[in-house]
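Here is a short tour of charged contacts and one surface feature. Have the sequence and the 3D view ready as you read.

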Amino acid sequence: METHRLPTPTPPGQAPSPGLIPHQLLPWTTGAPASASPGPLPLPPPYLSLFLSLSSSLNFSFSVNRLPELLPLSGLSNLLTSSKAWQASHRPTNSSRPPKPLHFLFLPAPTPCMENPGLVVHGQTSSFSTALRSLVNNPQYSDVCFVVGQERQEVFAHRCLLACRCNFFQRLLGTELGPGVPSPVVLSTVPAEAFLAVLEFLYTNSVKLHRHSVLEVLTAAVEYGLEELRELCLEFVVKVLDVELVCEALQVAVTFGLGPLQERCIAFIEAHSQEALRTRGFLELSAAALLPLLRSDKLCVDEVELVRAARSWARVGAAVLERPVAELAAPVVRELRLALLAPAELSALEEQNRREPFIPVEQIVEAWKCHALRRGDAALGALCRRRRGTLPREHHRFLDLPFK
């Protein structure tokens with residue numbers, strides 16, 4: 001028994017399926033050149049009954065796995081005629097035996113689920129990262145130049161890479177390039193070292209951070225919308241947080257609404273209050289950053305030192321902003337707990353306040369009231385409550401609101 005495969009149909013406009021059998025294996029192509037081979041002969045349902053009835057005279061059978069959809073009538077006729085001629089040519093001479101039956105097998109075309117989906121393989125990331133890192137601030141092949149920082153340092157980069165990695169740069173560099181050399185892009189608010197760190201992250205998805213510049217990199221990451229870089233900077237800041245860095249980190253956290261970092265910084269200052277109050281970073285805090293510190297019950301510092309630190313802070317801010325000390329200090333001095341001071345300390349503060357106005361007179365009067373009545377004023381609430389670092393004084397036993 002000989003079996004011949006018939007090709008399954010190919011949809012119009014598509015290349016023949018790789019599962020089709022070459023035309024040379026079909027009976028009508030025996031001895032014919034490949035160019036003379038007819039196209040695939042699909043079998044339509046209307047011709048199936050005719051095909052089956054005529055097959056009895058030619059003595060061949062079918063094994064149909066997939067019924068085709070289209071078949072020209074001439075193709076059916078050619079199939080039957082060629083099959084009969086092929087049988088006659090293969091019948092032995094002077095043989096009384098009937099011809100061997102022909103079996104045509106219709107095979108299904110491959111379906112998408114039968115195909116191998118393929119496998120994504122990865123090369124070494126270290127060599128790839130090293131190659132891209134060599135392009136950071138490399139004028140070769142660069143098509144954009146930035147002028148960054150107060151020192152106006154030139155930094156070279158590549159538009160396509162920055163645009164695909166960062167929406168900020170996509171908007172910044174999205175305009176059409178005009179004829180001639182493009183003008184440098186000026187970014188004066190970001191230091192050069194921080195900007196280079198941002199480029200390193202955009203090019204390689206990794207960055208080398210340093211304690212002295214990580215807050216500037218964090219600021220740039222927030223402004224440019226680089227969330228992954230921001231999280232990397234936050235993790236690094238928490239690891240290297242110390243007395244000199246904590247107030248600067250607190251200012252960044254308050255400015256950009258980084259709640260978890262703000263909480264970590266306040267907790268650190270509460271545990272190292274005296275050291276933190278003497279740093280330059282404390283003197284450069286904004287009023288919004290200083291307020292949560294002065295409201296804390298957990299500061300490990302006495303109120304006299306806290307009043308002194310707040311006055312120094314107000315003096316520095318007044319000199320920089322050219323504003324009166326009392327005006328600048330107004331938002332924060334209300335959080336100073338003057339009722340915790342002893343009468344002698346309160347008198348010294350009042351005398352100093354006459355020479356250099358710093359605390360509103362009404363606030364000092366409220367503190368004297370607590371001493372006169374020998375009890376805390378419930379209306380003042382937390383302003384009569386001792387902090388963790390408050391030194392004990394005789395009149396504290398009359399305060400109604402003890403430290404919690």
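The notes below cover salt bridges and a nonpolar patch.

This is a predicted model, in which local features need pLDDT of at least 70, side-chain atom pairs count only at pLDDT 80 or more, and totals for chains, interfaces and linings use all residues. Residues are numbered from 1 along each chain as its sequence is written, and side-chain values use heavy atoms, with hydrogens and water left out.

The structure holds 17 salt bridges, each a side-chain nitrogen of Lys or Arg within 4 Å of a carboxyl oxygen of Asp or Glu. Among them are these pairs:

| Pair | N to O distance |
|---|---|
| Asp 297 and Arg 337 | 2.6 Å |
| Glu 356 and Arg 315 | 2.7 Å |
| Arg 323 and Glu 327 | 3.3 Å |

Asp 297 and Arg 337 are both buried (under 20% relative accessible area, 1.4 Å probe, protein chains only; exposed is over 50%, partly exposed in between). Glu 356 counts as partly exposed because its relative accessibility is 21%, and Arg 315 does so at 37%. Arg 323 is partly exposed at 34%, as is Glu 327 at 44%.

Glu 350, Glu 351, Arg 354 and Arg 355 are linked in a network of salt bridges.

Turning to the surface, Val 316, Val 320 and Leu 321 form a nonpolar patch with about 260 Å² of accessible area together. Patch residues have over 30% relative accessible area and no salt bridge, with like charges joined within 9 Å and nonpolar side chains (Val, Leu, Ile, Met, Phe, Trp, Tyr) within 5 Å. Accessible areas come from the Shrake-Rupley method with a 1.4 Å probe; for residues, only the protein chains shown count as cover.
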